[in-house]
Amino acid sequence: MPAFEVMGVVNVTPDSFSDGGEWFDRDAAVRHGLELAAAGAAILDVGGESTRPGADPVPEAEELRRVLPVIEELAARLPDTTLSVDTTKAAVAAAAIDAGARYVNDVTGLRGDPEMLALVAERDVRCCLMHMRGEPRTMQRDPVYDDVVAEVRVFLEERLAVARTAGVRAERIDLDPGVGFGKTVEHNLALLRRLDEIVAIGPRVLVGTSRKSFLGRLTGRDDPRQRLAGTIATNVLALAAGARVFRVHDAGAIRDALAVAARVLDPDDAV
Ligand SMILES: Nc1nc2ncc(COP(=O)(O)OP(=O)(O)O)nc2c(=O)[nH]1
């Protein structure tokens, strides 16, 4: 079984749905990133703009002010950790790459900013192509699909073809079904239940279930911090289905859970 990667979340925002404000201060964000890396995160995803349903957009200058100092410091102190920038703006991604980021996590699937595709191809960095129905402000208003898994698969196959045509190397691409991005609870469960159909497209699959509201609906846990058990369950099942990158807030617990699950699933797997 190919090794898995834990992507630790560093939200340098005042309003992220589960930890908004906690890491808004630069030094606190750097400390948190160091802790996540020490706990086993191979990738740190630094974001300056919340993508939660109903979130207000953040101006480019403010997003740069939030993320660049954190990425610079973490890239300098963690040479073996991949720094990712969670942004939909090519200018922010370009500056983040200059500051040491080697991964662009754009929740629009590199569709939002017309400059993003060429940037990712030219700079030869990793990227995540994620499915989202609509945009954060409106995506959760009654999303409807005939077959959510089939439709997400078609979207990801199209984005993969576009990225490859733009010159993004295959090994730089992760695919993400976008759990919670324009999906009901049932849609999210179907995507997890049939995740093998997304894995079958070919590239590594990234999943981001951590602390999300569908877990709260299933468990009655209104506080996102109380959703670690649901997060672990969904990530272990995603590993079994073939996912290999796991975007989470609680890196240590998830890494341990996945390390155990990987051994059960593939006894020859070296942890
Ligand atoms: N590729 C990818 N990126 C993501 N970025 C943000 C969030 C939302 O989580 P979080 O960053 O904790 O919240 P917020 O967007 O409110 O900062 N989820 C994903 C995801 O599932 N996949």
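So, let's start with F4. In this predicted model, F4 is buried, with a relative accessible area of 18%.

Now, which residue does F4 pair with? F4 and F246 form an aromatic pair. Their arrangement is edge-to-face, with 6.4 Å centre to centre and 75° between the planes. F246 is buried too, and its relative accessible area is 0%. What I like here is where the two residues sit along the chain. F4 is in the segment before β1 (5–11), while F246 belongs to strand β8.

Okay, on to the strands. How many strands close into the barrel? It's 8 strands, running in the order β1-β2-β3-β4-β5-β6-β7-β8, and the pairing is parallel. On average, neighbouring strands of this sheet are turned by 25° against each other, direction ignored. As a quick reminder, strands of a sheet pair through backbone hydrogen bonds, either parallel or antiparallel.

Strand β8 covers residues 245–248, and strand β7 covers residues 204–207. The two pair in the parallel sense over 2 bridges. For one of the contacts, look at L206: its bridge partner in β8 is V245.

Last stop, a charge and a ring. Find R133 and look at its charged end: it sits over the ring of Y145, 4.0 Å from the ring's centre.

Technical notes: Residues are numbered from 1 along each chain as its sequence is written. This is a predicted model: local features need pLDDT of at least 70, side-chain atom pairs count only at pLDDT 80 or more; totals for chains, interfaces and linings use all residues. Side-chain values use heavy atoms; hydrogens and water are left out. Two strands pair if DSSP finds at least two bridges between them. Helices (H or I, at least four residues) and strands (E, at least two) are DSSP runs, numbered from the N terminus. Axes are lines fitted to C-alpha atoms, for helices over the stretch in contact, and angles run from 0 to 180 degrees between N-to-C directions. Rings of Phe, Tyr and Trp (its six-membered ring) pair if their centres lie within 6.5 Å; planes under 30 degrees apart count as stacked, over 60 as edge-to-face and the rest as tilted. Buried means under 20% relative accessible area, exposed over 50%, partly exposed in between (1.4 Å probe, protein chains only). A charge sits over a ring if NZ of Lys or CZ of Arg is within 6 Å of the ring centre and within 35 degrees of the ring normal.
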